[in-house]
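Please have the model open as you read.

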Amino acid sequence: MPPKRKSERAVSANDTTATPSKRVKNTVDATPASAAFAASAPVSDVIPQSSEKRGRGRPRKYPIDSTPKPVPDGPKRGRGRPRKIVSEQEPEVATPSVPKRGRGRPRKEPDSTTPVTPKIKKKDGRGRPRKNPLPNGEAETAESKPAVNSNPDTGRSFWLMKAEPESRIEKGKDVKFSIDDLAAADVPEPWDGVRNHVAKNLMRDMRKGDYAFFYHSNCKVPGIVGVMEIVREHSTDESAFDTNHPYYDPKSKREDPKWVVVHVEYRRKLGKQVTLHELKSHGQPGKPLENLQMIKQSRLSVSSVTPAQWKYILELAGEEPQEEFTRESSGEEEEA
C-alpha cells in the first residue's frame, strides 16, 4: 500500500509555526511561495551582517567608520571637583604676612603690661609637688623645713630603734643586743648593721640630744622596753667594710660609704613593756597611734615618733615624760 500523503492544510500549518530563524535559514532552498513569505517577514527578525566585532558592555558611541570624536583644545579634565578658572582681570588679593595658625589651643600674645612671673625651680624629689611654692623662687633649706617629730619647747626629736634581744647566729657571730646589754656598756654604743636606705636617711636626721625608744624585735613578745639618748651624730658604719661581720656589704667602699651609725647611751628601762599588740590596738583609725610610722612601715628598723605619740606611749607604760621634755636638747653643744 503506498504511503499516505500529507494534506496541504497540514503543511501550511507547520510552516506558520516555524521560527523566524528557521525561515531565514531555509530561504535559499525554499519554494517560490515560501520565498515570498520570507520576504514579507519583519525587518527586525533579520540579523545584519557587519565586519565589526561586537564586544561586551555598552555599545560604542562613535563607531570606527564614523566621524571621529572632536578633541578638546583645553587640558584633559581629570576626576574629582573641577578646577576653578581664575579670571585674568580679577586682581590677586594680597595675603597678609601672618603666621599660619596651627592646631590646638591658640598661642597667647604676650602683653607688655603684664609682669612676668619668675619660674620657680622645682626641687628634684619624689612625691607630690609642693602645693604652695616658696615666694620669689627661694630654694628650700634644711632650716626652713621643721622636723615633724621634734618638740617645739626643747627642739628635740624622737625615734624608735629595733634590736634583737635573743641569740641568733649570723656568719658565726651572735647578733643579740638587748636593753640590758646597752645598760652594761661603759662607752656610747654604735648602732650599726642598718642596711635599709629609708632607715639610713632617718639616722642622718638624728641630732645629738634626741631620744629614742629601745624596741625588742624578732622575739617571743616584741615591744618597747626602754629609753636611750643619741649622744653622737651619724658617722661611717665601719662594720660594712669588715668581711667577717654579719652585715658586711661588698658594695660599700671607704671612698664612698653607703651606711652610717649613731652612738647611743642608756637612759632608763620602762617599768612596763608596751607590746606590739598594744601598739597596734591603739593604732587603729581614729586612735592616738594611728599614724605611728612603726606600724605603717613595720619592716623599718628605725622610725620616727611625734611628741604626742611619745607621751602617749609613756602613758601606756605607766610613766610620765621626764628629762626628754624638761631639759633642752644639747645638740648645739660641742662634745668634750
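Is S1 largely enclosed by the rest of the structure or left open, and why? Six of the six residues of S1 are buried, so this strand is largely enclosed by the rest of the structure; buried means under 20% relative accessible area, exposed over 50% and partly exposed in between (1.4 Å probe, protein chains only).

Before going further, a word on what you are looking at. This is a predicted model, in which local features need pLDDT of at least 70 and side-chain atom pairs count only at pLDDT 80 or more, while totals for chains, interfaces and linings use all residues. Residues are numbered from 1 along each chain as its sequence is written, and side-chain values use heavy atoms, with hydrogens and water left out.

The average pLDDT (the predictor's confidence in each residue, from 0 to 100) is 76, and 58% of the residues score at least 70. Residues 134-146 stay under 50, and the model gives them seven contacts beyond four places in sequence; contact means heavy atoms within 4.5 Å. Residues 332-336 are also below 50, with five contacts beyond near neighbours in sequence. Where pLDDT is low, the predicted coordinates should not be read in detail.

The secondary structure comes to nine helices and eight strands, taken as DSSP runs (helices H or I, at least four residues; strands E, at least two) and numbered from the N terminus.

Back to S1. Both of its faces are covered, with Phe158, Leu160 and Lys162 buried on one side and Trp159, Met161 and Ala163 buried on the other. In a regular strand the side chains alternate between the two faces of the sheet. S1 runs parallel to S5, joined by six bridges, and strands count as paired if DSSP finds at least two bridges between them. Here alanine 163 has histidine 216 of S5 as its bridge partner.
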